[in-house]
Amino acid sequence: MIDRVRMSPVSCEFISSNNGHVHFEGESGLDAADVQRLIETPTVTETNALQWPDYLVISAVMSVSVFIGIYYRFSGGRQRTAAEYFSAENSMGILPLSIAMMASHISAITMLGISGESYIFGASIVILYVAGGLGIPLIVYCYLPVFFEMKVVSIYEYLEKRFGLYMRLLVSTANFTETLLLAGVMLYAPSIALEVTAGLSSTTSIAVIAVICTFYSTIGGIKAVLITDIFQGVLMVVAFGTLIGIAADNVDGGIAGIWQIGREGGRLDFTEWSFDPTVRYTWWNLLIGGMAIGLSFFAVNQVQVQRLMAVRDLKVAANALLLCGPFVILLGALTCFTGLSLYAVYVNCDPVASGKISSYDKILTYFTAERLSPGVIGLIVSGIFSASLSTVSAMMNSLAAVALEDYVKPLHRKLGIDFGDKKAIFTAKAFTFVNGVLCLLLALLLRTLGGLVVVALGIAGAIGGPILGIFTLGMFSETANETGTSIGMITALCICLWAVFGQPKPQPLMLPVSVEGCANSTIAQMRLNSTALPDKSSYFYLYRISHIWYNPIGLTITIIVGYIASIIIRLIRPENNIEYDPSLFVPFLAARIRRRRQDAEKTTGSQLFVLEPSHIR
């Protein structure tokens, strides 16, 4: 076994545990530079192209989504009103809505990325999903009642009533840009992993997902989107179950063996309670960050709130959201256990360390191409496609709703032009189609400019916390005003974007892997041992903070700075202090405001009664 590698300009010496020495001198044809190139350059791995059973399965699965779109185009109200197109005429039930929300929560990036994170950093990331579920009661009793009271289509209508038109347009535009970028990334990212490991052209996979998604989203409206999400969510669960089952069959001891190997490899260590914000995953950052991320996604996200408004009343929406929590935790746990299962399969020959793939995001598709049979590969690829479809279709529909409600309708009202239902539904479908084309073009652009993926995902991480902070300030504080809240948001965005894009950043400390069982174990061990991590303390502190903290940091800065700035603005310009509609605040604060105003009216009425001459005795 090779313990380490010693390299010099003229020789490379392998130091083995049995004190044996092997020298590669320049005249032998392999000098230090050659070895370094072998270490740094991933080995090219041949991948088998998809076979006809795979294409048959993929075609059948994709056809279901198409048929659902066609069915809802020609059934019910036939998408003739904006209410049916964007809110399904409030006809959705608890169970289908909860499953659909779960499906849109797990994107293809999550499916591939979280399994890779669990593989190399351990399964503790599952706490993130549990923490997200802990925030659901707060959404049910605080945020959701405000939106239902207003009966909004675009959640940014709230910001105009609470703060003003400029705040609505600012946040709406920022979120529109973020969502469009993310939708493009959701189309692009899985295609790269599939191209490298399954031999499926990235252009083909992008085009398939974009065309199908645009088709059923455009003609079927949100009801088609929700029903296809249910089908796609079930398919994702089946895909994960299949992967875990086949992995267990490849490991001695099955599921118990996977658990044992994971424990021995440090993948089941849940004892990290450090308060250090630079540690990648701890109980504290996963609990706090998970709850903040969950609130950002379910409480103040246009995609999810629009879905929750597709039911008849607040009680049904609350029950659907409460049921969705366990579903999300279940799918998150399956994703993490899939990563753990793949670690157990490759415990003696890590594909990244041996140079067979370039990153752990591709570990799931690599296992699929290497170990699964034709037809089953098609099922897993369909599951990845479904994860993209469920997320991107929801984004397309919500983008159309935002464009119609925040820009087109206000513009028509300002110009005094009539904008009836017939014109609204045509415009909504046109926007959905255009959004689909934009997502397709953006994904193809990302295909040639892959670095933009980091930018797009970084923006999404940096903007979620400040947006949550804006809505939280508006709903929980009477003091907050437009100017003060804007200052808080801008401050938070600057710091979060600085943290996201500031360079250089230290490489994360990964859990150990092995290449002892690889066929080319000598070179693989050289590649593994040559990776030396620099001292993290030499990096700027903000760049070392775990990415899990970005959302809570943005939320906290927005609230603190926004609140203090609002107080200062109220003192400087007291003439702008106004009384807001109580329905714009969370229920307990709204009730307190109403009682206070009622008491004030009684006091005023009593004083007027005493001062009237006819009542003076």
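A cavity is a set of grid points where a 1.4 Å probe fits but cannot get out. The exercises below apply this and related terms to a predicted model.

**Exercise 1. Determine how many cavities of 30 Å³ or more the model contains, and describe the lining of the largest cavity.**

Solution. Step one is the count: there are three cavities of 30 Å³ or more. Step two is the volume, which for the largest cavity is about 40 Å³. Step three is the lining, made up of Ile 222, Val 225, Val 303, Gln 306, Arg 307, Ala 394, Asn 397 and Ser 398. Step four assigns elements: helix H10 (202-249), helix H13 (302-308) and helix H16 (376-415) each contribute at least two residues to this lining.

**Exercise 2. Classify the aromatic pair of Trp 273 and Trp 284, and state which parts of the chain the pair ties together.**

Solution. The model holds 18 aromatic pairs. For Trp 273 and Trp 284, the ring centres are 5.6 Å apart and the planes make an angle of 70°. Planes over 60 degrees apart count as edge-to-face, so this pair is edge-to-face. Next, locate the partners: Trp 273 lies in the loop between helix H11 (254-264) and helix H12 (283-298), and Trp 284 lies in helix H12, so the pair ties together parts eleven residues apart in sequence. Finally, consider accessibility: Trp 273 is partly exposed at 44%, and Trp 284 is partly exposed at 29%.

**Exercise 3. Identify the rings over which the charged end of Arg 162 sits.**

Solution. One ring is that of Phe 163, whose centre is 4.8 Å from the charged end of Arg 162. Another is that of Tyr 580, at 4.3 Å from its centre.

**Exercise 4. Describe the backbone features at Lys 151 and Pro 504, and place each residue.**

Solution. Lys 151 has a positive phi, near 55°. This residue is in the loop between helix H7 (136-150) and helix H8 (156-162), and at 66% relative accessibility Lys 151 is exposed. The peptide bond from Gln 503 to Pro 504 is cis, with omega near 0°. Pro 504 is in the loop between helix H19 (482-501) and helix H20 (521-529).

Conventions. Residues numbered from 1 in each chain as written. Predicted model: local features only at pLDDT ≥ 70, side-chain atom pairs only at ≥ 80, totals over all residues. Heavy atoms only, no water. Helix = DSSP H or I, 4+ residues; strand = E, 2+ residues; numbered from the N terminus. Buried < 20%, exposed > 50% of the residue type's maximum accessible area, 1.4 Å probe, protein only. 1 Å grid on protein atoms, 1.4 Å probe; cavity = no way out; pocket = protein on both sides within 12 Å on 5 of 7 lines; lining within 4 Å. Points joined across faces, edges and corners; volume = space filled by probe spheres on them. Phe/Tyr/Trp six-rings, centres within 6.5 Å; stacked < 30°, edge-to-face > 60°. Lys NZ or Arg CZ within 6 Å of the ring centre and 35° of its normal.
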